[in-house]
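Please consult the sequence and the model shown below while reading.

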Amino acid sequence: MDHSGMTSAQLLKTSPKESAFCGQPAHRMGSPAVPCNVLGPPPAVWPPLDFVLGALACCAACVFTNPLEVVKTRLQLQGELRVRGSYHIHYRGVLQALWVVGRTDGLRGLQKGLSAGLIYQGVMNGVRLGSYSWCEALGITAVHGGSLLSGAGAGALGAFIASPAYLVKTHLQAQTADAIAVGHQHNHLGVSDAFVTIYRRDGLSGLWRGVNGAVPRVMVGSATQLATFTSAKDGVSHSQWFSANSWLTALIAATISGVAVAITMTPFDVISTRLYNQPVDEFRKGRLYHGFTDCLMKVCQAEGPLGLYKGMGPVFLRLAPHTVLSMLFWDLMRQQAVKDK
């Protein structure tokens, strides 16, 4: 699961006539918010354990997709508030950027910010899945449009609480050698040093700097993904190319949904990255942007509307594999948990 705010329950939903929980009727409120097994009905798992397994599954997927997060961050910071042609272009696309980072920073450079990313995934998804399950237990998801609102709301809450980890992740992923540096360089020594430095300099509120860009980003991504994944999965299933429970069906649906999410979410992602990474003055105010709207206007004025779509390539390439890997890891861990029980 990624930070788009969609639960695995919706990701594996097979029909709009079924609930988000493996085809069970929507009026059954005792079931946890868990994903359907792509190969069959899911084993029963104690709900709190299921939330932990879901967070761990997202962390496992994060290990594989983190290099794309590094590249995305660099592309979104490249040429910040500068007209195209007035700055040197270090990164020209996903593959070239991966090669440049690997050549300059080594293989470890491709996993920069991984520790902070794992913290973010664990906290964000634990809060999000727990909140969504609570909404399901209250019957909110059974109301028309309730699933969409619950998914977006739960995602926004998770993004808010886990925002400090995303702030540190952005700082660390932007850091690199001067030869290929883009954006402000915070020069943290590591995850713990970053948290301590930000807290000492900006106070507790400084750890939530940029959250005003993160919350709308998650809500837009969640709403788009919820609206497109299920319909895409239904369309692929009805085409009878693959069986409805095939992992290929889920992969194709995730890819189709990924296109829609990348188009709608990338502008918010760019703004979020810029707000998180900007330097701060002695009054603890951002030196480049005063907030979400100010950032939006300045990017459009200096870089043009296409400036809001920097890094869309890695955003898209990350979404589908991260979604499918999260589901598969979750499914495997749930099956093992049942065996152990």
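## Loop residues with positive phi

Asparagine 187 is placed in the loop between α6 and α7, where helices (H or I, at least four residues) and strands (E, at least two) are DSSP runs, numbered from the N terminus. The model is a predicted one, in which local features need pLDDT of at least 70 and side-chain atom pairs count only at pLDDT 80 or more, while totals for chains, interfaces and linings use all residues. Residues are numbered from 1 along each chain as its sequence is written, and side-chain values use heavy atoms, with hydrogens and water left out.

Most residues other than glycine have a negative phi. Asparagine 187, although not a glycine, has a positive phi of about 55°. With a relative accessible area of 56%, asparagine 187 is exposed; the classes are buried under 20% relative accessible area, exposed over 50% and partly exposed in between (1.4 Å probe, protein chains only). Arginine 284 likewise has a positive phi, near 65°, and is a residue other than glycine. Arginine 284 belongs to the loop between α9 (247-277) and α10 (292-303), and its relative accessibility of 44% makes it partly exposed.

## Overall fold

The protein chain contains 11 helices and 0 strands. Of its 341 residues, 55% count as buried. Contact means heavy atoms within 4.5 Å. Among contacts between residues at least 6 apart in sequence, 77% join residues at least 24 apart.

## Packing of α4 against α6

Two packed helices are described by the angle between their axes and the distance between the axes. Here, axes are lines fitted to C-alpha atoms, for helices over the stretch in contact, and angles run from 0 to 180 degrees between N-to-C directions. Helix α4 (residues 114-137) packs with helix α6 (residues 163-174) at an angle of about 160°, and their axes are 8 Å apart. The two helices are therefore roughly antiparallel to each other, given that angles under 35 degrees count as roughly parallel, over 145 as roughly antiparallel, 65 to 115 as roughly perpendicular and the rest as oblique. The crossing of α4 and α6 is left-handed; a crossing is left-handed if the near helix is turned anticlockwise from the far one by less than a right angle, and right-handed if clockwise.

On the α4 side, Ala116, Gly117, Ile119 and Tyr120 meet Ala165, Tyr166, Val168 and Lys169 of α6. The residues of this contact divide into 6 nonpolar, 1 polar and 1 charged, where Ala, Val, Leu, Ile, Met, Phe, Trp, Tyr, Cys and Pro count as nonpolar, Asp, Glu, Lys and Arg as charged, and the others, Gly among them, as polar.

Alanine 116, in helix α4, is buried at 0% relative accessibility. Apart from neighbours within four places in sequence, alanine 116 is in contact with Ala165, Val168, Lys169 and Val191. The C-alpha atoms of alanine 116 and glutamine 173 are separated by 9.9 Å, although the two residues lie 57 residues apart along the chain.

## Packing of α6 against α7

The axes of α6 and helix α7 (residues 191-206) cross at roughly 120° and come within 10 Å. That angle makes α6 oblique to α7, and the crossing of this pair is right-handed. Pro164, Ala165, Leu167, Val168, His171 and Leu172 in α6 meet Val191, Ala194, Phe195, Ile198 and Gly206 in α7. This contact comprises 9 nonpolar residues, 2 polar and no charged.

Serine 163 is also found in helix α6 and counts as buried, at 0% relative accessibility. Not counting residues up to four places away in sequence, serine 163 touches Leu207, Trp208, Val211 and Tyr276. Between serine 163 and leucine 207, which are 44 residues apart along the chain, the C-alpha separation is 7.6 Å.

## Helix α5

Helix α5 (residues 146-161) has 16 residues. From its first C-alpha to its last, α5 reaches 22 Å, close to the 22 Å expected at 1.5 Å a residue; the expected span is 1.5 Å times one less than the number of residues. Buried residues of α5 include Gly146, Ser147, Ser150, Gly151 and Ala152. Ala154, Gly155, Ala156, Gly158 and Ala159 of α5 are also buried.
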